[in-house]
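Here are my notes for you, written as numbered points. Keep the structure open while you read and find each residue as it comes up.

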Amino acid sequence: MQEFLFALTLSALPVVSNFMGAMIAEALPSSKQTLGLALHAAAGVLLAIASTELIPRVAIAKPVWAAILALFFGGAFFVWINQLLNLSKNRLRGVDHNSVSWVIFLSIAIDLFGDGLMIGTSLTIAPHLGVMLTSGRVVAHIPEGFVTNAEFKSQNMPRRQRFWLLAAFLIPVWLGATLGYWGLRGQTDLPKLIVLAFTTGTLMVAIVEEILPEAHQTQDTNLSTLTFIGSFALSMLFSSYLE
């Protein structure tokens, strides 16, 4: 039970960092340069985790084709969800700001559910892997929380309602962590690696199609590039000392 409580604690950290980003948006005027640096840092951390922690583990699955197929389906699933959410946003534009807010909330909830699933599953493989994945998602959710709360503020959503929505993000992430931990605890390596490969696919597509394009829409500078490679290098260093 202590291990499960540890899984719940770890999976809650991305929600905490999401809230931190939201508080930054609450207290400070929106800055494209700051947001760009945060997004480049998030992309560097997540890319390091995917390339040095996740993909090498996926590649040792037996049979390897099953894990690679799961990785592809994970990426395809993200594309499908993203298309569905964008379609919903387009249909809701100019109709009702509250409806648009709920679409944004749903997209973040799906992302956090995947985080919880990945963290819960990774802890059944190796504790340090769960810690590494959590650290990457913590960094990534700070700019996400910043952007989300700024969007909610632009729609004149009351502060109390915004805070309740941010707190409600604990539900999907804990649900994902519970399913990942109890569903795969005690199983052989193959189903664990298949789930890990699926979430890796979603993570890789998210980096390429969501985080980096959004980062380049801000004030892109040489400092942004250095932040990206610096966060990548620090993540590799952190990973090497955890093993």
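1. The crossing of α1 and α7 is right-handed. Keep in mind throughout that this is a predicted model.

2. Now for the residues behind that crossing. On the α1 side, the contact is made by E3, F4, A7, L8, S11, A12 and V15. Their partners on α7 are L170, V173, W174, A177, T178, Y181 and W182.

3. For α1 and α7 (residues 170-184), the angle is about 145 degrees and the axes are 9 Å apart.

4. Helix α1 covers residues 2-27, which is 26 residues, and at 1.5 Å a residue it should span 38 Å. Its end C-alpha atoms are 37 Å apart, so the two values agree. There is also a kink of about 25 degrees at L13, shortly before the proline P14.

5. Step back for the whole picture. Of its 243 residues, 45% are buried. The protein exposes about 12300 Å², and carbon and sulfur atoms supply 69% of that area.6. The next points give some pairs to look up.

6. Is E26 buried or exposed? E26 counts as buried, because its relative accessibility is 18% and the cut-off for buried is under 20%. Leaving out residues up to four places away in sequence, E26 touches N149, K153, R159, R162 and F163. Take R159 from that list: R159 and E26 are 133 residues apart along the chain, yet their C-alpha atoms are separated by 9.1 Å.

7. Next, find L39 in helix α2. L39 is buried, with a relative accessible area of 6%. Beyond its neighbours within four places in sequence, L39 is in contact with P143, I211, E214 and A215. L39 and I207 are 168 residues apart in sequence and 9.9 Å apart in space, C-alpha to C-alpha.

8. Two more residues are worth a click. H216 sits in helix α8 (residues 189-216) and is partly exposed, at 46% relative accessible area. From H216 to H40 is 176 residues in sequence, and 8.7 Å in space between C-alpha atoms. F228, in helix α9 (residues 222-242), is in contact with H40, A43, G44 and L47, leaving aside neighbours within four places in sequence. F228 and A43 are 185 residues apart in sequence and 6.7 Å apart in space, C-alpha to C-alpha.

9. One last thing to check is a peptide bond. Most peptide bonds are trans. The bond from K62 to P63, however, is cis, with omega near 0 degrees. You'll find P63 in the loop between α2 (32-58) and α3 (64-92).

Definitions and conventions:
Residues numbered from 1 in each chain as written. Predicted model: local features only at pLDDT ≥ 70, side-chain atom pairs only at ≥ 80, totals over all residues. Heavy atoms only, no water. Helix = DSSP H or I, 4+ residues; strand = E, 2+ residues; numbered from the N terminus. Expected span 1.5 Å × (residues − 1). Bend = angle between axes of the 7 residues up to and from the residue. Buried < 20%, exposed > 50% of the residue type's maximum accessible area, 1.4 Å probe, protein only. Areas by Shrake-Rupley, 256 points an atom, 1.4 Å probe, with all protein chains shown as cover. Axes fitted to C-alpha atoms, helices over the stretch in contact; angles between N-to-C directions. Left-handed = near helix turned anticlockwise from the far one by under 90°. Contact = heavy atoms within 4.5 Å.
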